[in-house]
Amino acid sequence: ANCAWCAFGLASMLTPLKTTIFTRSGAIGKELTFEVEENNLVNVDEECCAHFSVPPSKWWNDVKFACGTIHTFSSRSEALAWSEKHGFYKGECLDIRTLWELSKVPNLHRTTLELTNHCG
């Protein structure tokens, strides 16, 4: 999965297996690793967040683009600097634990799978 939402959604479906998610901050920066054990994130830097560059009300205008701009970052300040540098809407930051909990909501799994098909 190319976006943070899809990666976390897929990982949540694998739990309670031990799972590791590897990504890069802003998809190009330093490596970030998220470990899942017994349906919980472990050893997570509390500064990490997921950044949504496209408002959810506009996701379906171009799902692939919207999904491709959902990234994890090592901090909110890094996410906002990335948005400014690349000319994206400043968007919203969601702490990584909240993203994880949302990825476990049963009714959202179908949406996550549909997004994964769009994201490649």
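Colleague: Which residue in β5 stands opposite A50?

Modeller: T72 in β5 stands opposite A50. This is a predicted model, in which local features need pLDDT of at least 70 and side-chain atom pairs count only at pLDDT 80 or more, while totals for chains, interfaces and linings use all residues. Residues are numbered from 1 along each chain as its sequence is written, and side-chain values use heavy atoms, with hydrogens and water left out.

Colleague: How many bridges join β4 to β5, and in which sense do these strands run?

Modeller: Strands of a sheet pair through backbone hydrogen bonds, either parallel or antiparallel. Two strands count as paired if DSSP finds at least two bridges between them; here β4 (residues 49-52) and β5 run antiparallel and are joined by 4 bridges. Helix α3 packs on this sheet, where α3 touches β4, β5 and β6 (contact means heavy atoms within 4.5 Å), and the direction of α3 makes about 25° with that of β4. Helix α4 also touches β4, β5 and β6, and its direction makes about 80° with that of β6. Such angles run from 0 to 180 degrees between N-to-C directions, with axes fitted to C-alpha atoms, for helices over the stretch in contact.

Colleague: In what order do the strands of that sheet lie?

Modeller: The sheet is open, with 3 strands in the order β5-β4-β6 and antiparallel pairing. Its edge strands, each pairing on one side only, are β5 and β6 (92-95), and the twist averages 30° from one strand to the next.

Colleague: What is the order of the strands in the open sheet that contains β1?

Modeller: That open sheet also has 3 strands, in the order β1-β2-β3, and its pairing is antiparallel. The edges are β1 (19-24) and β3 (40-42), each of which pairs on one side only, and neighbouring strands are turned by 35° against each other on average, direction ignored. Between β1 and β2 (residues 31-37) there are 6 bridges in the antiparallel sense, and T20 has E35 in β2 as its bridge partner. Here α4 (residues 96-103) packs on the sheet, touching β2 and β3, and its direction makes about 150° with that of β3.

Colleague: Which pattern does the protein follow along the sequence?

Modeller: Helices (H or I, at least four residues) and strands (E, at least two) are DSSP runs, numbered from the N terminus. The protein has 5 helices and 6 strands, following the pattern α-β-β-β-β-α-β-α-β-α-α. Among contacts between residues at least 6 apart in sequence, 62% join residues at least 24 apart.

Colleague: Is S74 buried or exposed?

Modeller: Buried means under 20% relative accessible area, exposed over 50%, and partly exposed in between (1.4 Å probe, protein chains only). S74 lies in the loop between β5 (70-73) and α3 (76-86), and S74 is buried, because its relative accessible area is 14%. Leaving aside residues up to four places away in sequence, S74 touches S25, K30, L32, E47 and C48. Across the protein, buried residues make up 43% of the 120 residues.

Colleague: How many disulfides does the structure hold?

Modeller: A disulfide is a pair of cysteine sulfur atoms within 2.5 Å, and the structure holds 0 disulfides. C48 is in none, since the nearest cysteine sulfur, that of C49, is 7.5 Å away. C49 is in no disulfide either, and its nearest cysteine sulfur, that of C93, is 4.0 Å away. C48 counts as buried at 5% relative accessibility, and C49 counts as buried at 1%.
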